[in-house]
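The sequence and structure come first.

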Amino acid sequence: MLRLRVREVADAKGISRTRLSQRPKISYSVIKEIFRDSYRVIKTDTLQRLAAALRVPVTELIEEVPEEQWRRETGQTS
């Protein structure tokens, strides 16, 4: 499973949700959902705009996690 690291990277750089939503022209509600749900499905162009806004490679914004970690973090049982 892939997990988004947008929140962690933004926090490390001291960039708030509001400031991040203004940079790549992504709505605040989408940024809020990404911060809330790190397993949210997003479009690749959104991921590219976020990476550009955070000045990091796209690969820094995603990580692969074991299925059991995904289940634990999302409350999925099957």
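Two residues are in contact when they have heavy atoms within 4.5 Å of each other. Among the contacts in the chain between residues at least 6 apart in sequence, 63% join residues at least 24 apart. The model is predicted.

## Overall fold

The chain contains five helices and two strands. Their order along the sequence is β-α-α-α-α-β-α. The radius of gyration is 13 Å, close to the 12 Å given by the globule rule for 78 residues, so the chain is as compact as a globular protein of that length. Along its principal axes, the C-alpha trace spans about 40 × 25 × 25 Å.

## Surface and charge

Of the 78 residues in the chain, 32% are buried.

The chain carries 16 positive and 11 negative side chains. The centres of these two sets are 10 Å apart.

## Helix 3

Helix 3 runs over residues 28-36, and its residues Ile31, Ile34 and Phe35 are buried. These residues cover an arc of only 100 degrees around the axis, which places them on the same side of helix 3.

What covers the buried residues of helix 3? The cover includes strand 1 (2-4), helix 1 (6-13), helix 2 (17-22) and helix 4 (44-54).

## Helix 4

The buried residues in helix 4 are Thr46, Leu47, Leu50, Ala51, Ala53 and Leu54. Viewed down the axis of helix 4, they fall within an arc of 160 degrees, so they line one face of the helix. Thr44 and Ala52, on the other side of helix 4, are exposed.

The buried residues of helix 4 pack against helix 1, helix 2 and helix 3. They also pack against both strand 1 and strand 2, the latter covering residues 62-64. Helix 4 is in turn part of what covers the buried residues of helix 3.

## Ser38, between helix 3 and helix 4

Ser38 is located in the loop between helix 3 and helix 4.

Not counting residues up to four places away in sequence, Ser38 touches Leu2, Arg3 and Leu4. Residues 2-4 make up strand 1. Ser38 and Gly75 are 37 residues apart in sequence, with a C-alpha to C-alpha distance of 13 Å.

What is the phi of Arg55? The angle is near 55 degrees, a positive value in a residue other than glycine. Most residues other than glycine have a negative phi.

Conventions. Residues are numbered from 1 along each chain as its sequence is written. This is a predicted model: local features need pLDDT of at least 70, side-chain atom pairs count only at pLDDT 80 or more; totals for chains, interfaces and linings use all residues. Side-chain values use heavy atoms; hydrogens and water are left out. Helices (H or I, at least four residues) and strands (E, at least two) are DSSP runs, numbered from the N terminus. The radius of gyration is taken over C-alpha atoms; the globule rule is 2.2 Å times the number of residues to the power 0.38. Buried means under 20% relative accessible area, exposed over 50%, partly exposed in between (1.4 Å probe, protein chains only). Lys and Arg count as positive and Asp and Glu as negative; His and the chain ends are not counted. The place of a charge is taken as NZ of Lys, CZ of Arg, CG of Asp or CD of Glu. The arc is that of the directions from the helix axis to the C-beta atoms.
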